[in-house]
Amino acid sequence: MNNTVSFALLHFAFCFTLVSFTPISALELHGTGANMVETTCQKTPFYNLCVSALKSDPRSSGANVAGLAQIGTDKLKAKATATLRQITALLKVAKDPKLKMALRDCADYYNAIVKYDIPVAVEAVTKGDPKFGVEGATDAANEADACGRGFKNQPKFPIYASNKVVHDLSAVVASIVQLLL
Amino acid sequence: MVDTRPFLPVSSHAGSDPTGPSENRRKPMKLQLSIFFVLLTVGFFAALLTSNNGSDNGFVKENEHGSLASPSSEKQLRPVSRGPAVGVSEKSNRLFAKDNENQLAYPWNNSMLSWQRTAFHFQPEKNWMNDPNGPLFYKGWYHFFYQYNPHAAVWGDIVWGHAVSKDLIHWLHLPLAMVADQWYDKNGVWTGSATILPDGKVVMLYTGSTTENVQVQNLAYPADHSDPLLINWVKYSGNPVLVPPPGILDKDFRDPTTAWLTSEGKWRITIGSKINKTGIALVYDTKDFINYELLDGVLHAVPRTGMWECVDFFPVSKTEENGLDTSVNGPSVKHVVKASLDDDRHDYYSIGTYHEKNGTWIPDEPKIDVGIGLRYDYGIYYAAKTFYDQNKNRRVLWGWIGESDSEAADMQKGWASVQSIPRTILFDKKIGTHLLQWPVEEIESLRLKSYEFNQVKVQAGSVVPLDVGPATQLDIIAEFEIDKEALEKTTGSNVTFSCSSSGGTIERGALGPFGLLVLADDSLSEQTPVYFYIAKGSDGKLKTFFCNDQSRSSVASDVNKRIYGNLVPVLEGEKLSLRVLVDHSIVESFAQGGRTVITSRVYPTKAIYGAAKLFLFNNATEASVSASLRIWQMNSAFIRPYPNNKESQ
């Protein structure tokens with residue numbers, strides 16, 4: 001009897017100590033932050049991009065879907081703004097008129113993405129009318145697409161990689177916001 | 001590795017106690033400590049466990065609400081397999097669609113874009129509009145309010161726009177009625193409805209998105225009831241009057257309806273929401289629009305329909321050809337429940353019976369319950385709202401028509417969205433399950449020159465031009481008769497037809513498609529067909545479909561290219577009838593007196609201004625059709641700001 005009791009007490013005490021040494025909150029014991037990211041990203045068309053984008057933000061551990069949507073739009077905004085800067089810089093040095101034209105079109109699209117699509121998505125998610133967020137993110141993806149198509153007959157597509165990320169990340173954000181409907 | 005030895009009770013077994021007999025004297029102290037820590041641990045785990053059930057913690061709630069819990073949720077986004085019927089806004093249809101031509105997004109120029117503005121549909125001078133709000137008739141004026149973004153041609157910063165009209169057609173813009181100036185609507189002055197009290201006074205209930213992004217209901221009323229223009233509005237000092245009740249999430253509580261009277265003399269309203277993925281309509285009773293009592297249960301609920309936005313609830317007469325005040329009830333009355341489904345951006349309605357005592361409603365045909373059956377409109381049409389027009393004893397329906405071009409084009413042209421022409425709503429006595437919608441008669445005041453065509457024969461596989469002069473502002477009423485012999489001779493088949501999955505007008509059947517080509521250029525490189533398609537089953541039964549093919553309306557690649565439509569019931573002896581309102585980038589079409597309606601937005605690049613023409617077409621393989629039409633040129637409604645010198649019109 002004593003042995004059982006001591007064993008039980010030992011067990012409890014051990015757990016308590018272990019637990020008190022790890023920084024946790026009630027949230028994470030229910031389902032870890034990492035799990036939420038993975039489950040949510042499974043519902044998007046670009047799982048790996050989704051996971052790396054969300055996890056790169058410390059807020060993602062312990063975030064709910066709305067929180068992940070907000071992190072996603074923040075990442076998208078950063079990426080799109082950086083790509084726009086890239087385009088502007090390239091425009092300054094471009095000599096080929098066809099290249100200039102394609103870049104100018106992309107600048108227009110990216111202006112739209114940064115100035116309108118993303119703010120709409122952010123507002124829709126924070127205020128709770130997610131359908132407009134889906135639309136905003138989808139439009140961003142379409143605009144990135146349109147930018148890419150402008151380079152179809154060009155020998156070089158200098159912003160290929162960033163444009164693809166913006167497109168794919170927009171699609172990811174659209175899927176996440178969709179979950180809030 | 002943590003040293004747990006201090007917490008261990010000293011064993012009384014001589015053999016297992018390594019520290020020897022000297023420990024025995026410290027036993028009671030150690031035991032007490034151990035018990036203390038055990039209780040701590042137990043308490044700790046207990047706290048953890050209970051916090052997982054129903055805490056205010058958003059993360060945990062999200063899990064409980066099932067929107068994430070089921071990995072097999074049908075809302076998974078997959079690039080190519082997504083059909084138009086499932087989920088998202090129509091714009092996402094283009095997300096992964098292949099483009100036929102290796103083209104850029106279309107280089108829209110100002111001429112093309114400015115053509116898109118409508119001549120007689122309500123729209124503000126610029127920027128974004130969405131839901132219709134609080135429509136009513138008051139002291140000689142029809143009032144229309146709407147969700148408006150004063151800053152951009154996209155959704156955001158929403159406030160209430162306002163306009164008035166004597167006839168629901170000629171609108172005059174007034175100053176904004178309500179802006180986001182209180183903590184309870186700082187993040188959005190959203191949709192609401194008006195109730196006219198027996199003494200003629202008006203109260204408005206609307207949803208506010210608070211500084212904390214919680215959706216609440218607020219009360220507002222005119223600052224001056226003697227002002228027929230109702231320019232200034234006052235928000236009740238004790239707002240909000242309703243906050244999300246227990247079990248309802250902060251962001252699932254919006255769009256209060258017009259109130260109706262109960263037999264106890266209380267006012268009753270309904271507000272849409274959802275629980276997990278079940279769409280519901282909550283019911284509240286009130287005596288003063290300030291204090292409310294939430295009824296047990298809901299007006300109605302339908303599983304798997306998601307959030308119900310802009311719920312509407314109203315009576316229709318089974319026998320009379322007029323509208324009914326929202327409070328009317330009785331044996332010759334049916335009640336309609338309507339919801340805008342957030343999940344698929346469509347408006348659904350169902351006809352049924354209202355049980356006043358417990359505030360519930362049961363559909364007549366559960367198979368076509370709210371959200372799974374009939375739609376007001378099979379095109380682009382959302383957030384619709386009716387009001388009882390006591391001026392002409394009719395029930396009038398407003399609906400928001402968004403854009404189906406790119407957001408970039410919207411920004412370039414500086415505006416987005418129009419409202420449909422207001423429609424009267426009547427119960428379709430002949431069918432029993434449908435409502436009939438028809439443009440309000442006042443639209444006929446816009447008719448100018450008319451053209452008549454009698455029994456024009458259109459052979460199988462042919463196109464007939466209709467010379468009506470300019471073809472961008474038209475009111476067309478047409479009747480079609482299909483060759484009876486072909487109807488009988490054609491062999492039926494098991495193949496099922498649907499407008500949206502068909503190939504549009506290039507898919508030829510024995511008995512269809514045939515109808516009109518609107519906004520078409522001479523070479524038909526751009527055309528918007530509005531048509532019927534008759535399918536004969538293997539049992540010989542005929543089914544008539546009514547469709548609108550947007551896919552060839554424009555050579556631009558960055559516009560939606562869908563084929564809208566649905567089955568339209570046609571009774572024995574009925575001719576196929578069609579009414580089409582063409583107004584630049586909007587086409588509203590009504591089949592069989594409004595039994596099935598389709599609104600679509602089109603953005604031609606060539607079939608604009610004088611180049612836009614009208615044709616009859618018949619792409620059936622076996623049947624010829626004959627058409628009789630009356631077509632009117634339509635005047636502009638000259639929608640503009642209310643003149644400063646205070647003269648009307």
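I began with helix α5 (residues 65-93) and helix α8 (residues 160-178) of chain A, which pack at an angle of about 160° with their axes 9 Å apart. Angles over 145 degrees count as roughly antiparallel, so I noted α5(A) as roughly antiparallel to α8(A). A reminder to myself that this is a predicted model.

I then looked up the handedness, and α5(A) passes α8(A) in a left-handed crossing. The residues of this contact divide into 11 nonpolar, 6 polar and 2 charged. On the α5(A) side I found, among others, A:Leu68, A:Ala69, A:Leu76 and A:Lys79. From α8(A) the contact takes in residues including A:Val165, A:Leu169, A:Val173 and A:Ile176.

**Entry two: an open sheet in chain B**

Next I traced an open sheet of 6 strands with mixed pairing, and I wrote down its order as β21-β1-β2-β3-β4-β37 (chain B). Its edge strands are β21 (415-416) and β37, each of which pairs on one side only. Inside that order I checked β1 (residues 127-138) against β2 (residues 141-149) of chain B; they pair in the antiparallel sense over 7 bridges. For a landmark I picked B:Met129, which stands opposite B:Tyr148 in β2(B).

I wanted to know how many residues of β27 (residues 473-482) of chain B are buried. The count is 7 of the 10, so this strand is largely enclosed by the rest of the structure.

I followed β27(B) to its partners. It runs antiparallel to strand β32 (residues 576-583) of chain B, joined by 8 bridges, and B:Leu474 stands opposite B:Val582 in β32(B). With β36(B), β27(B) pairs in the antiparallel sense over 9 bridges. There the bridge partner of B:Phe480 is B:Ala627.

For β28(B) I found 10 of its 10 residues buried. Two antiparallel partners went into my notes. Strand β29 (residues 528-536) of chain B is joined to β28(B) by 6 bridges, with B:Leu516 opposite B:Val530. Strand β35 (residues 613-618) of chain B is joined to β28(B) by 5 bridges, and B:Phe514 has B:Asn618 as its bridge partner in β35(B).

Which residues does a cis peptide bond join, with omega about 5°? They are B:Gly512 and B:Pro513, and B:Pro513 lies in strand β28 (residues 511-520). I kept in mind that most peptide bonds are trans.

I listed another cis peptide bond from B:Asn239 to B:Pro240, with omega near 0°. I placed B:Pro240 in the loop between β8 (233-235) and β9 (260-261) of chain B.

B:Asn213 has phi near 60° and sits in the loop between β6 (202-209) and β7 (215-222) of chain B. Is B:Asn213 buried or exposed? Buried means under 20% relative accessible area, so B:Asn213, at 15% relative accessibility, counts as buried.

My last stop was B:Phe638, where phi is near 50°, again a positive value in a residue other than glycine. I found B:Phe638 in the loop between β36 (625-634) and β37 (640-641) of chain B.

Notes
Residues numbered from 1 in each chain as written. Chains lettered and ligands numbered in written order. Predicted model: local features only at pLDDT ≥ 70, side-chain atom pairs only at ≥ 80, totals over all residues. Heavy atoms only, no water. Helix = DSSP H or I, 4+ residues; strand = E, 2+ residues; numbered from the N terminus. Buried < 20%, exposed > 50% of the residue type's maximum accessible area, 1.4 Å probe, protein only. Pairing = 2+ DSSP bridges. Axes fitted to C-alpha atoms, helices over the stretch in contact; angles between N-to-C directions. Parallel < 35°, antiparallel > 145°, perpendicular 65-115°, else oblique. Left-handed = near helix turned anticlockwise from the far one by under 90°. Contact = heavy atoms within 4.5 Å. Nonpolar A, V, L, I, M, F, W, Y, C, P; charged D, E, K, R; others polar.
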